[in-house]
Amino acid sequence: KAGIVASLQARCAVVAVANPTEGRYDPQRTFAQNVNLSDPILSRFDMLCVLRDESDAVQDERLADHVVCSHIRSHPEATGDARNIRPKLEQKASHVQPIDQDLLR
């Protein structure tokens, strides 16, 4: 207003995420081909980072079991039995004695 000219410092960060167009990242194709974004759009970003999830059925099942059990335990309407539910891996290992910490030194 009133002819005032000012320069203000502004810092901004933009984080964008894109999933592969065919559901899985193909390392044989370029990044632009995998996410189906044009070069002019990609050139606006200073850094591109690819995070790939390697398929592992056992690990994926363990993670899903942990997440589901965690949600069940923390649900506001969870009963006493539901609050004590543990992931399958913990149930199997419940009879195993923990290793003495002095032994690990």
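How many positive and negative side chains does the chain have, and how far apart do the centres of the two sets lie? There are 13 positive and 15 negative ones, with the two centres 7 Å apart. Lys and Arg count as positive here, Asp and Glu as negative, while His and the chain ends are not counted. Each charge is placed at NZ of Lys, CZ of Arg, CG of Asp or CD of Glu.

Before I go on, a word on the source: this is a predicted model, where local features need pLDDT of at least 70, side-chain atom pairs count only at pLDDT 80 or more, and totals for chains, interfaces and linings use all residues. Residues are numbered from 1 along each chain as its sequence is written, and side-chain values use heavy atoms, with hydrogens and water left out.

OK, the overall picture. The chain has five helices and zero strands; those are DSSP runs numbered from the N terminus, H or I of at least four residues for helices and E of at least two for strands. The radius of gyration is 25 Å, well over the 13 Å that the globule rule gives for 105 residues, so the chain is more spread out than a compact globule. That radius is taken over C-alpha atoms, and the rule is 2.2 Å times the number of residues to the power 0.38. Along its principal axes, the C-alpha trace spans about 75 × 50 × 40 Å.

Buried residues make up 9% of the 105. Buried means under 20% relative accessible area, exposed means over 50%, and partly exposed is in between, with a 1.4 Å probe and protein chains only.

Now, which residues does Asn34 touch, leaving aside its neighbours within four places in sequence? Asn19, Pro20, Thr21, Arg24, Tyr25, Asp26 and Arg29, where contact means heavy atoms within 4.5 Å. Asn34 sits in helix 1, residues 31-35, and is buried, at 1% relative accessible area. Its side chain also reaches the backbone nitrogen of Asp26 at 2.8 Å.

Is Asn36 buried or exposed? Exposed, at 60% relative accessibility. Asn36 also has a positive phi of about 55°, although it isn't a glycine.

Last stop: Ile99, in the segment after helix 5 (88-92). Ile99 counts as exposed too, at 51% relative accessibility. Ile99 and Cys12 are 87 residues apart along the chain, and their C-alpha atoms are separated by 49 Å.

Notes
A polar contact is a pair of N or O atoms within 3.5 Å; within protein, one must be able to donate a hydrogen and the other to accept it, and residues adjacent in sequence count only if both atoms are side-chain atoms.
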